[in-house]
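Visitor: I have a new structure to read. Where should I look?
Guide: Let us take it one feature at a time.

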Amino acid sequence: MTILQTAIPDVLVLKPRVCVDSRGYFIETYSEQRYRDCGMTCRFVQDNESQSAKGVLRGLHYQVPPYAQAKLVRVIRGAVLDVAVDIRRGSPTFGKYVAERLSAENKQQLFIPQGFAHGFLVLEDDTIFSYKCDNYYTPSHERGIRWDDPAIGIPWATLDVPFILSEKDKRQPCLADAEVFE
């Protein structure tokens with residue numbers, strides 16, 4: 001596995017080794033020991049998967065302590081623009097983001113530690129997105145930030161279809177008004 005640093009050192013791009021032959025491919029998508037050796041000390045307790053059409057924008061979501069979540073995300077089919085925003089007040093990268101294209105083709109994963117809001121824009125129809133979380137989903141601790149907050153300035157991809165957002169995501173506060181990590 002190759003680990004690539006991003007503009008925010010705590011957010012990592014992971015490129016697993018892919019074994020390809022005439023039958024197809026094999027990939028180890030997670031090994032607790034291997035990932036621990038790479039510095040990821042969280043223990044994942046929940047796996048989630050979503051299927052979405054092109055243009056779906058999910059996020060920016062997070063949970064506040066004591067139910068904050070680190071995530072290890074990847075695309076099984078299709079492609080997304082995946083975004084992590086640092087919401088740790090006092091961090092030198094507070095309000096900054098990392099954006100990575102994740103796809104079934106490149107098989108890359110993104111590790112998003114606790115203290116980050118997360119979202120993604122689906123770039124291809126019938127995309128399947130998978131993620132591991134190190135804490136359970138707890139609705140009472142779920143929060144969000146507006147996907148188009150000008151203070152963050154995420155350059156979402158231009159698509160030939162309109163963005164599709166949930167009603168909840170349309171109403172999220174901007175970062176300046178959001179509950180963040182102290």
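Visitor: Among contacts between residues at least 6 apart in sequence, what percentage join residues at least 24 apart?
Guide: First, a caution: this is a predicted model. Now count contacts by their separation along the chain. Here 80% of those contacts join residues at least 24 apart.

Visitor: How many helices and strands does the protein have?
Guide: The protein has 13 strands and 2 helices.

Visitor: What does the radius of gyration say?
Guide: Compare it with the value for a compact globule of equal length. For 182 residues that value is near 16 Å, and the protein has 16 Å, so the two agree. The C-alpha atoms fill a box of roughly 55 × 40 × 30 Å along the principal axes.

Visitor: What share of the residues is buried?
Guide: Buried means under 20% relative accessible area. By that cut-off, 49% of the 182 residues are buried.

Visitor: Which residues of β8 point which way?
Guide: A79, L81, V83 and V85 point one way. V80, D82, A84 and D86 point the other way. All of them are buried.

Visitor: Which strands pair with β8?
Guide: Look for bridges. β9, residues 97-103, pairs with β8 in the antiparallel sense over 7 bridges. There V85 stands opposite Y97. β11, residues 116-122, also pairs with β8 antiparallel, over 7 bridges. In β11, G119 is the bridge partner of V83.

Note on methods. Residues are numbered from 1 along each chain as its sequence is written. This is a predicted model: local features need pLDDT of at least 70, side-chain atom pairs count only at pLDDT 80 or more; totals for chains, interfaces and linings use all residues. Side-chain values use heavy atoms; hydrogens and water are left out. Helices (H or I, at least four residues) and strands (E, at least two) are DSSP runs, numbered from the N terminus. The radius of gyration is taken over C-alpha atoms; the globule rule is 2.2 Å times the number of residues to the power 0.38. Buried means under 20% relative accessible area, exposed over 50%, partly exposed in between (1.4 Å probe, protein chains only). Contact means heavy atoms within 4.5 Å. Two strands pair if DSSP finds at least two bridges between them.
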